[in-house]
Amino acid sequence: MQGLMQPWPLTVDRILDHACRWHGEREIVTRSVAGPIVRTSYARLHDRAQRLSNALLGWGVQRGDRVGTLAWNTARHMEVWYASMGIGAVCHTLNPRLHPQQLAYIINHAEDRIIFADATFVPLLEALLAACPKVEHVVWMGDGAEPPATRIAGLSAYEPLLAAHAPASWGGFDENTAAGLCYTSGTTGEPKGVLYSHRSNFIHTFLTLQHDIIGLSARDVVLPIVPMFHANAWGLAFSAPAAGAKLVMPGARMDGAAIHELIETEGVTFSAAVPTVWQMLLQHLLATGGKLTTLKRVVIGGAACPENLIRGFHEHFGVEVVHGWGMTEMSPLGTVGAPTAELAQLPFEAQLPQRLKQGRVPLGVDLKLVDDAGQPVAHDGAAYGHLLARGAAVAAAYFRRDDAILDADGWFDTGDIATIDAHGYMQITDRAKDLIKSGGEWISSIEIENIAAGHPKAALAAVIGRPDPKWGERPLLLVQLKEGEMATADEMLAFLENRIAKWWTPDEVLFVTHIPLGPTGKIDKKALRVAYGAVAPA
Ligand code: ADP
């Protein structure tokens, strides 16, 4: 027997409709790419996005067609999202930090018909477009009526395009229609396209709005530092309008001073970022004596959150840093480390080991651990296994690829190795390909680098495996020191002593001026392995 409830397709245009109708005057503040702070509201953003939809329809954009964006987090970028998704087209967020060849590859693979680009990325596109014959229109997302002088033929300006069109109406299609496309950053191989549906994005929005996950309210002021091109800004461009939260968009400036200024002047209460950006803010605040008077909570994820971040923000600023884990394929949220009732009663120091774990699942995500033979691994916090996931916002296949990515029971292998403890806290041991196998046993690169990054002189630390004739592989520790600091290898190794098993101790410590970051702001282990992963000198 079927239920007797209204058909109401879960399409994301309804999220902005809701924000426009019920939170219409709530602000979206952007540090524009040109510099000045600009303000709009959900009602105006909705109107402008619908005008843009008509511009897209005028260009013949059909349901399912891909519309690319090469843009920072701004109100305009949101307009393009909703403009394309609202008419059933697919918004393809391009990550400008990808290697240009990879960018051209994904533009062609996705067959983007139109690309919207911030001024910052126009030169990048200029160099790429000859290799992307399917792109029909490029739109410059600047303020004026005249696009900058460029070699891109027929470059359109955003504002005149909007001004020339009346608002379109949205929706009217099935909730399983594709809405967004995001390629993994290629840290593990060729970028693979994850094709979100309206339904999966809508359900992911509900999922993130759970109190223990991101849990935004209409009183929140949200600063998404994580880019919209990195796994949908972890859903914030959906969940903030859904909750009626004020949005503060950082545009192109992600340095400590710029972020701090925005937080204080706009009254930011919630933010989300990868650890490297948040480390930069901590260092900036400690160096300048800056205060955080409104910020309450920050979700840090995308890479393991080092202890000094959780401790530093708690002790100096009273800000709760919550660790989260996810991946592009999971829309992206998988777990968040909000405390259970028991944990919340403990003093901060006693909570810390649990808070360092990647956290617990929300309703809507399920996880399990299996060994190499596919057999279940105990949830005892010690035994580790391959982490498998399933849920309504987890990928079932990659765009235009035939490989099956789910097992017979519908589980997706995340490529991560993890433990789950008796309280349900998942902890990532490593990415399967980053684990170091020494003498037949695994060494977690993440655990060593997190401890090393907590050394007061270290800015960043990375651990990679290096081939070793006796043990198979041995760990090498690379350290980027804070500016003006000097340190010795012995000093770093002494810091690790008693914090890790003796046989995990890196065979060598190298001080490097710059640890490379990948396109999503994580340490680029692939580049490090190429540069330093050869056999150690005898
Ligand atoms: P890419 O695969 O291109 O790096 P993703 O952002 O989708 O892009 O990466 C997802 C992966 O990032 C996860 O599978 C996991 O290995 C890693 N990751 C994400 N969050 C965390 C975290 N909190 N701790 C450790 N690793 C994390």
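Strands (E, at least two residues) and helices (H or I, at least four) are DSSP runs, numbered from the N terminus. The structure is a predicted model, in which local features need pLDDT of at least 70 and side-chain atom pairs count only at pLDDT 80 or more, while totals for chains, interfaces and linings use all residues. Residues are numbered from 1 along each chain as its sequence is written, and side-chain values use heavy atoms, with hydrogens and water left out.

The protein is divided into domain 1 (13–253) and domain 2 (435–531), with bounds that come from an automatic or database domain assignment. The centres of domain 1 and domain 2, taken over C-alpha atoms, are separated by 37 Å.

Eight strands form an open sheet with mixed pairing, in the order S2-S1-S11-S10-S12-S13-S14-S15. Its edges are strand S2 (37–41) and strand S15 (333–336), each of which pairs on one side only. From one strand to the next, the twist averages 20°, where axes are lines fitted to C-alpha atoms, for helices over the stretch in contact, and angles run from 0 to 180 degrees between N-to-C directions. The loop between S14 and S15 contains proline 332, which is joined to serine 331 by a cis peptide bond with omega of about 10°. A further backbone feature is found at alanine 231, which has a positive phi of about 50° although it is not a glycine. Alanine 231 lies in the loop between strand S10 (221–224) and helix H8 (236–243).

An open sheet of four strands, with antiparallel pairing, has the order S16-S17-S18-S19. Strand S16 (365–370) and strand S19 (426–431) are the edge strands, each pairing on one side only. On average, neighbouring strands of this sheet are turned by 50° against each other, direction ignored. S18 and S19 run antiparallel and are joined by five bridges; isoleucine 417 has aspartate 430 in S19 as its bridge partner.

The ligand is surrounded by 19 residues, the closest being Ser185, Gly324, Thr328, Asp416 and Arg431; a residue is taken as near if one of its heavy atoms lies within 4 Å. Strand S14 (320–326) and strand S18 (412–420) each supply at least two residues of this shell, and S14 gives the most, with four residues. By class, the shell has four nonpolar, 12 polar and three charged residues. In this scheme Ala, Val, Leu, Ile, Met, Phe, Trp, Tyr, Cys and Pro count as nonpolar, Asp, Glu, Lys and Arg as charged, and the others, Gly among them, as polar.

Polar contacts are pairs of N or O atoms within 3.5 Å; within protein, one atom must be able to donate a hydrogen and the other to accept it, and residues adjacent in sequence count only if both atoms are side-chain atoms. A polar side-chain atom of aspartate 416 lies 2.5 Å from an oxygen atom of the ligand. Histidine 323 places a polar side-chain atom 2.9 Å from a nitrogen atom of the ligand, and a backbone N or O atom of glycine 302 lies 3.0 Å from a nitrogen atom of the ligand. The ligand taken alone exposes 570 Å², of which the protein buries 96%; accessible areas come from the Shrake-Rupley method with a 1.4 Å probe, and for residues only the protein chains shown count as cover.

Definitions and conventions. Pairing = 2+ DSSP bridges.
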